Amino acid sequence: MTDKQPALDFESRQLPETLSILPLFDATLFPKMVVPVVIMQRESIQLVDEAMSKDRTIGLILSRNSEIKTKYTPDDLYKFGTTALILKMAKSEENKAQLLIQGLGRFKVKDFIKGKPYLQARVENLRDIETKSKEIDALMVNLIGLFTKVVEFSPGLSPDILSMVKSIQVAGIFADMITSIINSTLEEKQKVLETLDIKKRLQEVTRLVNYQLEILKLGNKIQSQVKGDMDKKQREYYLRRQMEAIKEELGEKDETSIEIEEYKAKIKEKNLPKEALKEAEREIGRLSRMHPSSSEYTVASTYLDWLTSLPWNESTKDKLDIKKVRKILDNDHYGLKKPKKRIIEFLAVRKLKPESKGPILCLAGPPGTGKTSLGRSIASALGRKFHRISLGGVRDEAEIRGHRRTYVGALPGRIIQGIRRAGSNNPVFMLDEIDKVGSDFRGDPSSALLEVLDPEQNFSFSDHYLDVPFDLSKVMFITTANILDTIPPALLDRMEVLHLLGYTLDEKIKIANRFLIPRQRDAHGLNSSQISFTNASIKNIITGYTREAGLRNLEREIATICRGVATQIVAEEAKSVKINIKDIYKFLGPVHFASEANRARPSKPGIAMGLAWTMNGGELLFIEATSMKGKKGLTLTGQLGDVMKESAAAALSFIRANASKIGISENFFDKIDIHIHIPAGGIPKDGPSAGVTLLTALVSLLTNKTIKKDLAMTGEITLRGRVLPVGGVKEKVLAAHHAGIKTIIMPKWNKKDLEEDMPEKVKEEIQFYFVDEMMEVLKIALGK
């Protein structure tokens with residue numbers, strides 16, 4: 001131990017201008033401050049030994065890098081440091097020494113000197129730039145106030161330190177003392193060491209103390225919150241333990257235990273499948289380890305509620321009396337022979353093979369033809385529960401498959417929800433408007449439906465929420481659609497499509513008398529003695545106020561009349577009303593649609609009647625052609641699509657190529673322009689089926705011959721004059737019959753479409769010509 005007392009008069013001591021430099025990596029020494037230092041490098045110990053043998057004065061400079069190095073270069077060190085005096089030195093080992101060092105003054109390195117194993121430098125000793133002013137006094141007073149608060153918030157700082165700081169009157173030493181005490185970074189302390197202007201130094205130290213005070217306040221606030229939370233939790237814990245002890249003494253069970261026992265009883269009662277049972281037992285195990293106030297507890301209990309409320313094994317017994325089922329279907333719906341026949345076939349198979357899978361039917365047809373109500377009627381006839389969901393506008397796959405339980409508020413998809421509401425695992429499940437399913441970034445619901453509607457897969461349907469298979473093979477799925485074009489082919493392939501045609505005029509009259517009028521009478525509080533309709537009045541409503549394949553608008557108009565009659569009866573203007581043709585105007589106003597039977601028939605050359613298909617059924621399509629002076633111009637108007645425009649061009653080319661056969665001049669097109677127009681220009685029109693009508697209208701114009709009255713036609717044409725088959729034949733024929741058309745020309749290939757589901761009365765009242773060649777069409781239509 002070396003412990004020689006150095007000279008005590010530091011102020012008058014002449015500080016050397018050449019110093020041996022001891023690098024520091026974890027502390028900054030300020031003048032007049034005392035710090036302990038431990039050194040372990042051989043060069044540093046040599047430096048101290050030589051200093052102890054002389055005047056004990058060395059230079060301390062902070063390293064720019066906090067890593068310990070065996071050898072430092074001038075670039076590793078800051079340019080400013082502190083001249084220090086070694087007060088004490090003690091060597092505990094050969095290469096380790098402990099020093100007690102006191103700062104004497106600041107210096108700036110001029111340059112480093114080579115020649116020693118340690119660093120030496122020529123330095124410029126620096127003095128504080130002191131000025132006496134009120135501002136400096138104010139800074140010191142403010143700094144004392146801040147430092148006092150720092151000491152209050154820092155349990156590790158002794159109050160004696162505050163007394164010592166307050167006793168310092170020299171501003172520079174005062175700032176250095178506070179900087180050495182507070183918890184600032186080495187870079188910030190080095191900045192204070194390098195600041196010679198006392199005012200700027202006090203301002204910098206004030207900033208550091210302010211920041212330190214904010215940190216301490218925030219830490220104190222956090223500590224108070226944590227302590228408060230811990231105290232609250234400990235209190236709740238003790239209270240719960242006391243409640244448990246009291247309940248145990250009284251022989252009572254806590255609510256959690258009761259709930260878990262209830263779940264176990266439900267699981268046992270439900271006789272869950274193996275995978276569902278395994279998942280339920282796992283969730284109960286998790287539930288028993290959770291606290292009831294935990295959010296996870298609610299998630300687990302909701303999942304168990306769903307798992308134990310599904311009808312895993314509950315089924316309704318099918319009514320297998322085919323005669324009774326047929327009677328129920330006939331009472332509920334008029335016509336619809338093909339769907340009824342298919343249900344009867346299903347029951348027959350079910351009776352012979354009880355474990356047969358449920359069919360997946362798609363009822364396709366125009367709006368208002370009874371698709372949705374037929375599903376409910378089928379459920380009633382079979383004695384099954386009925387559930388319907390609308391898929392119109394559904395764009396999220398999770399609507400079908402459900403959300404995964406990781407999401408807040410997750411629920412099963414609408415399929416599993418519907419099964420739960422039905423309360424049996426073999427309901428009649430109607431997926432309405434399947435042709436209107438959309439898709440976006442959330443997924444494609446139609447792809448999720450592939451599993452639901454596939455008998456080879458749906459016996460193990462996996463909902464994302466349940467995450468266990470559920471057997472849907474016993475469910476009878478019935479889907480409805482207005483058009484089939486928008487249904488993905490893979491999905492359409494899984495369904496058995498049953499086409500529902502529109503109704504004929506006679507069928508609509510019968511349905512109105514049997515179903516619509518009695519239903520609207522009852523809905524408006526009327527009876528048969530208060531309101532009645534003649535068949536003529538019903539026919540007038542159908543032809544003059546509705547234009548549809550179905551019955552919705554017809555029922556709406558009947559409801560309007562019922563409201564008018566109800567008003568008259570309440571006002572005592574009438575006791576009973578019989579609706580005749582002349583009464584309809586009073587209740588419904590002017591006719592909405594001109595009767596198709598009364599619309600202009602081809603009475604001039606260049607006018608032909610075609611047949612068109614729409615989502616609402618079939619319609620008549622009038623085509624007009626005219627010519628004028630010009631040179632090979634063809635104008636097409638009426639908002640026609642590209643396919644229809646191409647059909648018109650093909651028709652004109654056929655006529656030009658076969659002009660001599662048709663009986664017109666071969667150069668007829670050289671001096672004329674032709675204009676083809678299809679009325680109802682506000683409605684877009686497209687498709688190839690108007691080809692036959694376009695060609696016939698052009699030939700009628702060019703030969704100046706009028707087409708036969710009450711004749712309509714449909715068919716696609718080729719440049720060679722072939723007539724190709726078209727779609728929507730049944731709807732087109734019904735529209736023609738409704739309009740009073742007596743003769744129809746159509747492709748020979750479409751003859752098969754009339755053999756099934758077409759009412760006999762229609763076949764009897766319309767004469768059909770089935771053709772292969774365009775020349776046959778012209779011969780029938782124009783008598784060529």
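Q: Hi! At what angle do helix α8 and helix α9 cross?
A: In this predicted model, helix α8 (residues 274-288) and helix α9 (residues 295-309) cross at roughly 150°, and their axes come within 10 Å. Axes here are lines fitted to C-alpha atoms, for helices over the stretch in contact, with angles running from 0 to 180 degrees between N-to-C directions.

Q: And what does that make α8 relative to α9?
A: Roughly antiparallel (angles over 145 degrees count as that).

Q: Which residues of α8 meet α9?
A: Ala276, Glu279, Ala280, Glu283, Ile284, Arg286 and Leu287 of α8 do, and their partners in α9 include Tyr297, Leu304 and Leu307. To meet means having heavy atoms within 4.5 Å.

Q: New topic: how far apart are the axes of α17 and α18?
A: The axes of helix α17 (residues 505-523) and helix α18 (residues 535-545) are 10 Å apart, and the two helices pack at about 110°. α17 and α18 are therefore roughly perpendicular to each other (65 to 115 degrees counts as that).

Q: Which residues of α18 are in that contact?
A: Asn535, Ile538, Lys539, Ile542 and Thr543 of α18, which meet residues of α17 including Leu505, Ile509 and Ile517.

Q: Anything to know about the numbering and the model?
A: Residues are numbered from 1 along each chain as its sequence is written. In this predicted model, local features need pLDDT of at least 70 and side-chain atom pairs count only at pLDDT 80 or more, while totals for chains, interfaces and linings use all residues; side-chain values use heavy atoms, leaving out hydrogens and water.

How values were computed
Helix = DSSP H or I, 4+ residues; strand = E, 2+ residues; numbered from the N terminus. Parallel < 35°, antiparallel > 145°, perpendicular 65-115°, else oblique.
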